[in-house]
Amino acid sequence: MKRIYVVGIGPGDRKYLTGAAARVLEECQVIVGYTAYVDLLKADYPEKIFLTTPMKQETERCRMAFEEAAKGMETAMVCSGDSGIYGMAGLMYQIGQEYPEVDLIIVPGITAASAGAAVLGAPLMHDFAVISLSDLLTPWEKIEKRLIAAAMADFVICLYNPSSRKRADYLERACDLILQYKSSDTVCGLVRNIGRMGETYEILPLGEMRNKKVDMFTTVYIGNRETREIGGKMITPRGYRNV
Ligand code: SAH
C-alpha cells in the first residue's frame, strides 16, 4: 500500500519532536513541507530528498506529496506543531480523494499552545479556546464572533497567528473586543519563538497587551477571571479548594 505520513514536528528544535515523528522521518525517503520548516530538518537528515513550496502554496505542496507517494516513495509531509491543528492534515484528506491508492497516516506533534503554556507556567489548566487571527481562510467577522463568544464565556483564550505585516493591528482589534467582556487587568502572556533560539516570554495585563506589537512567531494567552501571576508565571487555577 502506498502511504504518506502527515507529521507534526513540534514548535521548535528536535527536543520537541515526538519519538513517533522522529521514527517516520528516519524511515521515509522524501520529506515535503513549507520551506522554513523543512530547512530545520535538512541538517539532521542529509540523505533525504527534500521538496518544498512557499507559504500560500499548500495545495501544490499536497499534490507534490501525493505524486511522490504514487511513484512508490515513502513520503512524509511535515508541519510545525501538530499536523492536525492549523496544519496540513485536513487538506491532505481533501486532496487525497483524488488519490484513492494512497493511505494517509497522521502523526501528531506538540502544538504551540501547549509548548508555550509550559514556558509561561500553567495558563491552560481550565477550559480554553484556541482562535487564529488569520483572515486568509476565515472571514474576519467570524473571527470576531468567536472572540466575543469565548470572552463572554470566560474561556482562557489562546491566539495563533496574532499578527503579520498586512495585519499589524489585529491583536489590538482582538483585545478591544475581548475587553468588552474581560477586565483590563486580566493576566495575559506572550511567548515568542517557542522551543527555538531566541525564545522569550512576557506576562502582562490585557489592557497593556492591546498596545503590544507582536509577530507571526508569537502565541498569545489571555487568562480567565481566576488566572493570576505567581512568582512571575501565569497560572490558571484548576479549582481545587483551600488553595
Ligand atoms: N500547526 C501549528 C500551528 C500553525 S499556525 C501548531 O500546531 O503549533 C502558526 C501559528 O502558530 C503562529 O503564527 C504562532 O502563533 C503559532 N506558533 C507556531 N510555532 C510557534 C513557535 N515556535 N513559537 C511561537 N508561536 C508559534
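1. Which backbone atom lies 2.9 Å from an oxygen atom of the ligand? The atom is a backbone N or O of Ala 112. This pair is a polar contact, meaning N or O atoms within 3.5 Å; within protein, one must be able to donate a hydrogen and the other to accept it, and residues adjacent in sequence count only if both atoms are side-chain atoms. On its own the ligand has 540 Å² of accessible area (Shrake-Rupley method, 1.4 Å probe), and the protein covers 94% of that area.

2. The model is predicted: local features need pLDDT of at least 70, side-chain atom pairs count only at pLDDT 80 or more, and totals for chains, interfaces and linings use all residues. Numbering runs from 1 along each chain as its sequence is written, and side-chain values use heavy atoms, with hydrogens and water left out.

3. Two further contacts to the ligand can be listed. A nitrogen atom of the ligand is 2.7 Å from a backbone N or O atom of Ile 85. In the side chain of Thr 111, an N or O atom lies 2.7 Å from an oxygen atom of the ligand.

4. The ligand is surrounded by 19 residues, counted when a heavy atom lies within 4 Å. The closest are Ser 80, Ile 85, Thr 111, Met 216 and Thr 218. By class, the shell holds 10 nonpolar, seven polar and two charged residues.

5. The site of the ligand is the largest pocket. A molecule sits in a pocket if more than half of its atoms lie within 2 Å of the pocket's grid points.

6. On the overall fold, the chain has eight helices and 13 strands, taken as DSSP runs (helices H or I, at least four residues; strands E, at least two). The C-alpha trace spans about 60 × 35 × 30 Å along its principal axes.

7. Two backbone angles deserve a look. Asp 154 is not a glycine, yet its phi is positive, near 60°; this residue is in the loop between α6 (140–152) and β8 (156–160). Asn 193, also not a glycine, has a positive phi of about 55° and is in the loop between β9 (187–192) and β10 (200–205). Most residues other than glycine have a negative phi.

Methods. On a 1 Å grid over the protein atoms alone, a cavity is a set of points where a 1.4 Å probe fits but cannot get out, and a pocket is an open set with protein on both sides within 12 Å along at least five of seven lines; lining residues have an atom within 4 Å of a point. Ala, Val, Leu, Ile, Met, Phe, Trp, Tyr, Cys and Pro count as nonpolar, Asp, Glu, Lys and Arg as charged, and the others, Gly among them, as polar.
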